[in-house]
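This report sets out the side-chain packing and electrostatic contacts of one protein model. Please inspect the sequence and the coordinates alongside the text.

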Amino acid sequence: SAYYIAASRLGLGNPNGEAELKKFIEEQPESPLRNAALFRLGNLSFSKKKYKEALQFFGKLETSALTSEEHEQFLYNSGISLLETGEMERAKSNFNQLRNNKSTIGEGSKYYWAHISYLEGHYDESLAEFKKLENSPLYFKIVPFYQVHLAFATGQYDEVLRLAVPL
């Protein structure tokens, strides 16, 4: 019941909820609810942009015990956390697992995967992925800027002019 009390407090915005969940994990390391507590704390840290802390909680998870929805959220949130802490290769791996999903997480993963490919200098694969986001309600405004830069970087100057003029 300590987990449920702490999780409820956390869900209601009680500042003690986080400390109580941490205490629960420490005092009951064998509890079957430990994973749920770690998942909640990882997501809480992520939402506060405490990416290193989020990765610490996510790193202790038994990911095989997560539901498919939780696993997707774990991959996405830990992917962004990894990217924010400079671990691009691991982040790209997370986004790669999600980028073909037909969901908001899938579109976000596709964007971040393309962005990392862009940073790595893999322009062709980056451009191909950004093209898939041209009509995305979330990314249609930023994609053309990547496309212009990628066309310039690959020497497609006519394409630069075609894409840049409407911007």
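## Basis of the values

The structure is a predicted model, in which local features need pLDDT of at least 70, side-chain atom pairs count only at pLDDT 80 or more, and totals for chains, interfaces and linings use all residues. Residues are numbered from 1 along each chain as its sequence is written, and side-chain values use heavy atoms, with hydrogens and water left out.

## Nonpolar core and aromatic pairs

A nonpolar core is a set of buried Ala, Val, Leu, Ile, Met, Phe, Trp, Tyr and Cys residues joined through side-chain atoms within 4.5 Å. Buried denotes under 20% relative accessible area, exposed over 50%, and partly exposed the range in between, for a 1.4 Å probe and protein chains only. The largest nonpolar core has 41 residues, of which Leu21, Leu61, Phe74, Phe95 and Phe130 touch the most other members. Leaving aside residues up to four places away in sequence, Phe95 is in contact (heavy atoms within 4.5 Å) with Tyr76, Gly79, Ile80, Ser109, Tyr112, Trp113 and Ile116.

Rings of Phe, Tyr and Trp (its six-membered ring) pair if their centres lie within 6.5 Å; planes under 30 degrees apart are stacked, over 60 edge-to-face, and the rest tilted. The whole structure holds 15 aromatic pairs. In one of them, the ring centres of Tyr3 and Tyr4 are 5.2 Å apart and the planes meet at 75 degrees, so the pair is edge-to-face. Another pair joins Tyr111 and Tyr112, whose ring centres are 5.3 Å apart with planes at 75 degrees, so this pair is edge-to-face. Tyr111 is buried at 11% relative accessibility, whereas Tyr112 is partly exposed at 21%. Ring pairs also link Tyr76, Phe95, Tyr111, Tyr112, Tyr118, Tyr123, Phe130, Tyr139 and Tyr146 into a cluster.

A charge sits over a ring if NZ of Lys or CZ of Arg is within 6 Å of the ring centre and within 35 degrees of the ring normal. For Trp113, the charged end of Lys92 lies over the ring at 4.8 Å from its centre, and Arg99 lies over the ring face at 3.7 Å from the centre.

Helices (H or I, at least four residues) and strands (E, at least two) are DSSP runs, numbered from the N terminus. Helix H4 spans residues 51-59, and its buried residues are Tyr51, Ala54, Leu55, Phe57 and Phe58. Viewed down the H4 axis, these buried residues fall within an arc of 165 degrees (from the directions between the helix axis and the C-beta atoms), so they line one face of the helix. They pack against helix H2 (16-27), helix H3 (34-47) and helix H5 (68-84). Lys52, Gln56 and Gly59 are exposed on the other side of H4.

Asn43 belongs to helix H3 and is buried, with a relative accessible area of 14%. Residues up to four places away in sequence aside, Asn43 touches Phe58, Gln73 and Asn77. The C-alpha atoms of Asn43 and Asn77 are separated by 7.3 Å, although the two residues are 34 residues apart along the chain.

## Salt bridges

A salt bridge places a side-chain nitrogen of Lys or Arg within 4 Å of a carboxyl oxygen of Asp or Glu. The count by this rule is nine. Three of these pairs are tabulated here.

| Glu125 | Lys92 | 3.0 Å |

Glu125 in helix H8 (residues 123-131) and Lys92 in helix H6 (residues 88-98) are 33 residues apart, and their pair links distant parts of the chain. Glu125 is partly exposed at 31% relative accessible area, while Lys92 is buried at 12%. The pair of Arg99, in the loop between H6 and helix H7 (104-120), and Glu129, in helix H8, likewise links distant parts of the chain, 30 residues apart. Both Arg99 and Glu129 are buried, the latter at 3% relative accessibility. Lys132, by contrast, is exposed at 52%. Elsewhere, salt bridges that share partners join Glu18, Lys22 and Lys48 into one network.

## A positive phi angle

Most residues other than glycine have a negative phi. Lys49 has a phi near 60 degrees, a positive value in a residue other than glycine. This lysine, Lys49, lies in the loop between H3 and H4 and is exposed, with a relative accessible area of 61%.
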